[in-house]
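Hello, and thanks for taking a look at this one with me. Here are my notes, point by point, to read beside the model.

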Amino acid sequence: MSNVPTDRHYLSSHEWAQQVEGVVVVGISEHAAEELGELVFIELPAKGDEVIFETQFGEIESVKAVSGLNSPVTGKVVEVNQELIDSQSAISDSPFEDGWLIKVEPAIDSGLDLLLDHKTYQAQLDGS
Amino acid sequence: MKKTVLNAAHQRHGARLVEFGGFEMPVWYSGLTDEHHAVRQRAGVFDLCHMGRFEIVGDDPVAALDRVVTQDVSRMKKGQVRYSLVCNDEGGVLDDILIYRLPDRLWLVVNAGNRQKLLHWFGERLVGAKVIDHSEELAMVALQGPLACSLLAPHIDRAHHRAVADLGYYRISRAQVNLTGTPIDGWISRTGYTGEDGFELYIPSGSAESVFDALLDLSDDVIPCGLGCRDTLRLEAGMPLYGHELSEQQDPIGAGLSFGVALDKEGGFIGEPALREVVARGPGRQLRGFVVEGKRPARQGAVILHDSRPVGVVTSGSPSPTLGVPIACGYVDSSVSEEAPLEVDLRGKSAPLSPHPLPFYRRTAETAHSE
């Protein structure tokens, strides 16, 4: 059973968002990381790029397949986890902490209020 | 979704299960890369029960089969195993199979996803013989890797007391499997889909789980291996996978499989006239191997470009655990020279392709015995 922290919100496509001092940190859930397996490549937006709620902002590739990354928030990218470009192991080892992907300055219509809470996301995982 | 008789064993060994060929199969247990290296360097166990195990029976099953497969079965020695295609009338590939000519019977192993299609095809097209599906009652597990022979040999009694080590490459023999405390009558072949030395065991389904576990208990060097590494191992070894390199629209000549097509065999076979034509005018496209520059693998369907013009398509691609770079194979129009610079379109970004001869990997210690 994979971990679902209670202090953040989720997309049904397994990305998480956490608001920290006015910035939204974005990553993928432990469940998603486990499903992907060994990672070999990631493509993330650049600082300053716009990301849009429920719209693809990057790609993550495992040994077996490529998956799109959907943004749980609309806004402007203020920081990118550069360490992931060389090695994506932090995503597998620590998807909710060291494996964060981008930090976003949310727009007014950020979409954050539409995210699933941890209970709803947990229920989705339990049902699958 | 169907399950093999080893499904419970996979769950016990912590497999991640996915759908493949209509079956719930392990894609990996500990991890694809670890399992890949285990097979290259030590030994790994695979569940192959999803594959179809057929028998051809009749007054002259060899002659009947010869009319519907590309290989020359009549020239196979007893105890020999050979690779073959089953083609449609247009020369497209319905499946790629192994033919086992046993002393007293004729067997085929076919791909999981093509089982029903081939049962139907053989049922319709075999003249004077019929096909029997033994897939349910007969299980199939593989032990692959450089340690496979030394680990397995003490536990196998072959007919006439011949040693397992003396079983030639692509040979099959009756065997008593003494892995579980109870002798199990079955067959052993020196075959595989990994590019390593290794064996495939054919045993009654009721004993499959105990044999699977016993193989894993042979040594700490042996680990369970999923279809994920089976795919990367076969890709490195330059072996085609149905649905990737092969389809009903693809001839075996352009796929580089002429060695499995006996155009000269007496009596002809389904697809032979069409394949003669392909050989005469040359295949329109040919399978080639590539190393993809950069870190990003090219996947099936990625378009191959020359001067920004589409000239081919990737059929399989993956990071190569052995070579440490992304490798791919794909079809390129025969009009494009081997030296022409090629790129692959990776979802809008292009990456250069360096030609690499197939196979990408060939084991050094050959175990081609003659018996």
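1. Chain B falls into domain 1 (2–51 + 136–235) and domain 2 (284–371), with bounds that come from an automatic or database domain assignment. The C-alpha centres of domain 1 and domain 2 of chain B are 29 Å apart. Their contact takes 15 residues from domain 1 of chain B and 14 residues from domain 2 of chain B; two residues are in contact if their C-beta atoms, placed from the backbone, lie within 7 Å.

2. A word on the ground rules: this is a predicted model, where local features need pLDDT of at least 70 and side-chain atom pairs count only at pLDDT 80 or more, while totals for chains, interfaces and linings use all residues. Residues are numbered from 1 along each chain as its sequence is written, and chains are lettered from A and ligands numbered from 1 in the order in which they are written.

3. On to chain A, which has 4 helices and 9 strands, in the order β-β-β-α-β-β-β-β-β-α-α-β-α along the sequence. Its radius of gyration is 13 Å, close to the 14 Å that the globule rule gives for 128 residues, so chain A is as compact as a globular protein of that length. The radius is taken over C-alpha atoms, and the rule is 2.2 Å times the number of residues to the power 0.38. Along its principal axes the C-alpha trace of chain A spans about 35 × 35 × 20 Å.

4. Of the 128 residues in chain A, 42% are buried. A residue is buried if 20 or more other C-beta atoms lie within 10 Å of its own, exposed if 12 or fewer, and partly exposed in between, with C-beta atoms placed from the backbone. Among contacts in chain A between residues at least 6 apart in sequence, 64% join residues at least 24 apart.

5. Where the chains meet, the contact takes 12 residues from chain B and 8 residues from chain A. On the chain B side, strand 3 (23–28), helix 2 and strand 18 (309–319) each supply at least two residues. That side of chain B has 5 nonpolar, 4 polar and 3 charged residues.

6. The largest nonpolar core has 136 residues, and those with the most contacts inside it are A:Val26, B:Val45, B:Leu108, B:Val141 and B:Val211. Such a core is a set of buried Ala, Val, Leu, Ile, Met, Phe, Trp, Tyr and Cys residues joined through C-beta atoms within 7 Å. Strand 7 (residues 93–101) of chain B contributes the largest share, 6 residues, and domain 1 and domain 2 of chain B each give at least three. Leaving aside neighbours within four places in sequence, the contacts of B:Val45 include B:Val141, B:Phe212 and B:Leu215.

7. Which residues of helix 4 (residues 115–125) of chain B are buried? B:Arg115, B:Leu118 and B:Phe122 are, and they fall within an arc of 65° seen down the axis, so they line one face of the helix. The arc is that of the directions from the helix axis to the C-beta atoms. On the other side of helix 4, B:Gln116, B:His120, B:Gly123 and B:Glu124 are exposed.

8. Two backbone details in chain A deserve a look. A:His14, not a glycine, has a positive phi of about 85°; A:His14 is in the loop between strand 1 (9–10) and strand 2 (15–20) of chain A. Is A:His14 buried or exposed? A:His14 is buried, with 23 other C-beta atoms within 10 Å. A:Glu21 also has a positive phi, near 50°, but counts as exposed, with 4 C-beta neighbours inside 10 Å.

9. Finally, a cis peptide bond joins B:Leu358 and B:Pro359, with omega about 0°. B:Pro359 is in the segment after strand 21 (349–355) of chain B.

Definitions and conventions. Ala, Val, Leu, Ile, Met, Phe, Trp, Tyr, Cys and Pro count as nonpolar, Asp, Glu, Lys and Arg as charged, and the others, Gly among them, as polar.
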